[in-house]
Amino acid sequence: MSRRGPVAGALLAIALLAYPRAFRARFGAEMRADFHTARGQSLGQVLAMHVANGLAERGAAMRRWPLWPNRQPHLYEPRGRRAMFWENLRSDIGHALALAWRRPLVTALAVLALALGIGANSAIFTVVNGVLLQPLPYGSASDLVMIWSSNVREQKPVNVVSPANFLDYRTGVEDLVDMEAFASFITSAQLQADEGPEMVLTVNTGLRMFDVLQRQPVLGRAFGPGDENTVVLSHGYWQRRFGGDPGIVGRTLTLDGTPRTVLGVMPGDFVFPYATMLGPDGFTTRTGVDLWSAWIPERDPFANRSGQIVRNVHYLAVVGRLRTGVSARTLDTRLATVAAQLEQAYPASNSGWGTVVVPLHEQAVGPVRPALLLLLAGVGVVLLMSCVNVAGLALAQSVGRSRELAVRSALGAGRARLVRQLLTESVLLALAGAAVALLAVQWGVRALVALAPSTIPRLSEIHPDGTVLGVTLVVAIAAGIGIGLVPALAASRPDLRDALQDGGRGAAGASPMARRLRSTLVIGEVALAVLLSTGAVLLLRSFTSLLAVNPGFTPEGLLTMQVTLPERVTTPAARLAYYDELFERLRAVPGVLAAGGTTRLPLGSTSVSTTIDVEGRPLPDAELPEVQFRRAVDDYFSAMQTPLLQGRTFTREDGPTSPPVAVINEAMAQRLFPGDSAVGRRIRTGPNPSRSPWTTIIGVVGSVRHTGLEQAPAPEMYISHRQGPPVAPFLVVRASGDPAALVETIRAELRRFDRALALFDVKTMLDVRAASVAPRRFVLLLVSAFGLLALVLAAVGVYGVMALVVGERTREMGVRLALGAEPRAVMRMVLGQATRLAAAGVALGLFAAFVLTPLLDSQLFGVRPYDPITFGTVPLLLILVAAAAAYAPARRAMQTDPMQAIRYQ
Amino acid sequence: MDHLRVEQLLPLTPVAFEILLALADGEQHGYRIMQDVNARAGGAVALHAGTLYRALARLLEQALIEELDERPTGRDDERRRYYRLTARGRAVAIAEASRLATQLATARARRLVEVTP
């Protein structure tokens with residue numbers, strides 16, 4: 001019954017350290033009392049058991065650390081963990097707010113940086129969400145697919161469908177609830193109104209299309225069986241043109257001279273078709289149609305010739321609705337069987353033609369996915385950089401706060417508690433940033449949509465919603481935790497004695513850990529900036545090389561517009577006379593050098609093709625080559641400045657009664673007559689060439705890039721308007737000066753000429769070209785903005801760290817200067833340190849860029865992902881930026897007054 | 001505090017049950033509990049102080065025992081804290097005892113344990 005002595009007591013005190021602090025506080029006294037009254041156990045055994053138990057309890061406590069509130073009462077806290085959690089949280093928040101209030105500038109800067117990063121992310125995500133993620137505005141949209149024809153031999157993997165094939169597909173497969181077609185082009189039609197003719201955009205739509213899409217009109221009804229000569233209006237057009245008049249149903253509109261009955265009005269959110277659904281050649285800058293016209297294959301003169309639905313003219317886009325449980329892949333296999341049967345049954349028209357099934361969602365938004373994901377990645381890097389910056393700021397602060405943290409630690413706050421406090425602070429900052437960002441996001445999204453090219457589908461459907469809010473909050477919290485972890489790691493192991501002895505002078509400087517973290521942050525920041533700048537420079541170089549592409553004509557100084565001849569001008573002869581007078585008037589306008597027209601404007605309209613039959617080369621119908629087909633009106637080639645390479649262009653003598661002639665482009669000459677002169681050769685065109693007259697090729701002109709600047713020119717043939725005058729051509733006017741200055745003069749002149757002539761879409765060719773590269777410009781603009789932002793953030797980061805370093809080393813600098821060091825050497829030392837950090841970041845960033853730029857490939861043009869110029873200049877730029885950012889701190893170091901520096905501390 | 005039903009706490013760990021048994025006769029402080037448990041173990045050392053207090057912590061948490069607000073007068077020293085069973089603790093102890101009794105009965109029926117009248 002020996003009471004244990006003071007040595008044993010001391011040993012126990014040490015053994016008890018194994019227990020968590022709180023456990024010791026609660027049970028320590030009892031355990032000490034027991035220790036001194038206990039008998040029978042050896043001292044060593046007791047102490048060993050205490051250590052073992054203590055460690056076990058520590059493990060258990062760690063597993064039960066209250067990161068999340070729960071209803072379990074706390075081990076040593078009778079009021080329970082829940083109370084403790086909220087109490088801690090409340091005190092942490094209070095503390096964080098007080099701290100923020102005391103440093104308004106730093107807080108505002110951090111919140112602003114985070115708001116910028118988070119807000120940019122939310123805005124871009126809103127676009128991605130609206131365009132890529134939300135279902136299309138059709139019923140059960142995930143069951144919808146598009147069905148295309150495909151001919152690998154003719155390099156047409158995805159092609160529009162011919163009417164006869166469409167009807168056979170429809171009857172041939174059982175896997176679809178239904179299938180319907182629409183014309184793969186948006187037609188501008190002339191609506192006869194009291195105020196004169198006006199243009200409406202319409203698309204010929206199969207009668208069951210709205211049923212397939214599972215959308216019903218808000219007013220009236222959709223097409224039904226036998227609804228010939230009827231139209232359904234879009235909500236927008238109904239509002240715009242008829243002021244939302246509910247009496248519109250049943251009224252008759254005269255379209256292109258034919259009366260059409262209005263059946264109904266579709267809902268406001270209904271968009272059909274998206275431009276991307278028009279197929280590979282359905283390139284259009286139109287964003288929506290005004291009305292849908294009923295389309296019946298049997299009644300379509302284009303589809304039904306001499307009582308037969310045509311099989312070798314392709315112009316339909318087909319939408320199908322899958323039966324439940326049937327996949328697009330299954331349908332693909334079934335349709336392939338049908339296509340093979342058709343190939344056997346109609347070898348002349350169908351040999352080589354298969355089918356391909358594309359989910360409608362993929363068809364509608366697939367083309368813009370890479371660009372949008374690229375933007376999302378770019379803006380993600382920006383957010384990462386603003387986080388790194390704020391983390392750097394927080395780290396710098398935590399160094400200044402080491403005393404406060406040490407005091408808290410000394411007063412009994414565990415490490416977990418300190419980490420939690422720091423995390424609370426940073427998450428609060430991030431949430432404040434998110435709140436500011438959310439206030440601005442609506443505005444940002446509107447700016448993005450305004451900036452975005454109209455060729456991005458679903459722009460009108462973009463708006464912030466619950467998903468955006470959720471993602472923003474998650475991003476903010478993640479950013480907050482990420483930011484807080486850095487100073488938490490550095491600061492939660494405060495060296496108590498140092499910090500307390502420092503006596504609150506606060507100039508002790510950072511721990512080695514904090515210093516390492518600080519350098520890491522700067523390196524990371526520079527690396528991210530290198531990554532973004534590399535992307536931006538690659539895109540910029542792509543864009544400039546795209547604009548440098550010669551489109552085959554001179555876009556500068558060219559004005560374009562579209563006209564529709566009045567209905568009274570019906571016969572070809574009358575149209576010819578009309579054109580002659582029209583162009584005479586145009587050419588007489590001062591400032592006009594040349595004027596002409598065409599049926600298909602390069603970079604600005606859809607294309608149309610025809611099959612041709614070359615004299616002396618008999619081929620089955622299905623193997624006839626296909627070329628793009630346009631009419632040249634009046635002085636088209638000289639107005640466009642498309643060079644004549646061989647032979648001659650059209651003259652007045654190539655009239656309606658003279659033998660048919662054609663001018664072809666260089667691509668067609670090379671494709672069909674390689675190594676041979678094309679001039680003088682004869683061809684026949686049309687779906688049944690054998691029934692057409694022979695046309696003689698009289699000249700070869702330079703190739704024109706029609707679909708886009710990045711697309712190689714296709715074989716193209718022109719016939720003269722004198723041998724087939726069009727009704728609604730584009731006009732091109734070559735101006736001696738600024739073409740935009742001519743607009744009003746020409747408009748007035750044409751009105752004087754004939755008030756009934758409909759004139760619309762007046763644009764300079766440069767605007768047309770700009771619109772054709774608008775998606776690229778959009779991506780470039782945003783990525784460049786991100787890149788610039790990244791440079792600024794990197795500069796701020798380098799500046800901040802170097803300023804800190806110089807501040808910490810003032811004393812050392814003073815000593816150096818006092819010992820006779822050259823001020824310049826001191827400055828070089830600081831600049832050298834900054835450059836070394838930047839160089840490490842550059843190396844890391846280059847490595848990341850090397851790995852990641854191939855992902856950019858789809859967005860690049862005329863430049864390789866590993867472009868040596870880009871990879872050479874960006875690192876240089878970043879090192880210069882870093883050196884510039886370090887310049888001010890370096891000067892301050894140089895100007896250190898040795899006496900003062902040494903006296904300090 | 002009745003967030004867990006009594007059955008959900010079963011079976012108790014041997015140490016926890018021993019502590020509840022030690023407190024069945026009335027309040028005790030930690031050291032007495034330890035002595036009681038060890039005495040019933042027949043002199044062999046069964047319970048260590050660290051193990052005891054960790055188990056006490058869990059029992060407090062589960063509200064099976066509670067600490068007395070005031071010390072019973074004139075006993076021991078200041079550092080001692082007294083614990084007693086809560087109603088819930090008593091219920092759990094009874095449930096555990098009858099669970100063990102059922103098991104013991106089965107063991108007897110299967111002749112694993114000598115049957116004593």
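Chain A of this predicted model averages a pLDDT of 83, and 90% of its residues score at least 70. One stretch calls for some care: over residues 502-508 of chain A the pLDDT falls below 50, although this stretch still has 8 contacts in the model beyond near neighbours in sequence. Where pLDDT is low, the predicted coordinates should not be read in detail.

**Where the chains meet**

Let us turn to the interface. Here 20 residues of chain A are in contact with 17 residues of chain B. On the chain A side, the elements that contribute two or more residues are helix 2 (21-37) and helix 3 (43-63). Helix 2 of chain A provides the largest share, 9 residues. Sorted by class, the side of chain A that touches chain B has 10 nonpolar, 6 polar and 4 charged residues.

**The sheet of chain B and its helix**

Chain B holds an open sheet of 3 strands in the order 1-3-2, with antiparallel pairing. Strand 1 (28-29) and strand 2 (65-67) of chain B stand at the edges with a single partner strand each, so one side of each has no neighbour in the sheet. In the pairing of strand 2 with strand 3 of chain B, B:Ile65 stands opposite B:Leu85, a residue of strand 3.

Helix 1 (residues 14-23) of chain B lies across strand 1, strand 2 and strand 3 of that chain, and runs at about 95 degrees to strand 3. Which residues of helix 1 of chain B are buried? They are B:Ala16, B:Glu18, B:Ile19, B:Leu20, B:Ala22 and B:Leu23. The cover over these buried residues includes strand 1, strand 2 and strand 3 of chain B, together with helix 2 (30-40), helix 3 (49-61) and helix 4 (87-109) of chain B.

**A hairpin in chain A**

Chain A has a strand pairing of its own, between strand 1 and strand 2, which run antiparallel. The bridge partner of A:Ser149 is A:Asn159 in strand 2 of chain A. This hairpin has 4 residues between the strands, and A:Gln155 takes a positive phi near 55 degrees.

| Strand pair | Sense | Bridges |
|---|---|---|
| Strand 1 (residues 144-151) and strand 2 (residues 156-159) of chain A | antiparallel | 2 bridges |
| Strand 2 and strand 3 (residues 82-85) of chain B | antiparallel | 3 bridges |

As background to both rows, strands of a sheet pair through backbone hydrogen bonds, either parallel or antiparallel.

Note on methods:
Residues numbered from 1 in each chain as written. Chains lettered and ligands numbered in written order. Predicted model: local features only at pLDDT ≥ 70, side-chain atom pairs only at ≥ 80, totals over all residues. Contact = placed C-beta atoms within 7 Å. Nonpolar A, V, L, I, M, F, W, Y, C, P; charged D, E, K, R; others polar. Pairing = 2+ DSSP bridges. Axes fitted to C-alpha atoms, helices over the stretch in contact; angles between N-to-C directions. Buried ≥ 20, exposed ≤ 12 C-beta atoms within 10 Å, placed from the backbone. pLDDT = per-residue confidence, 0-100.
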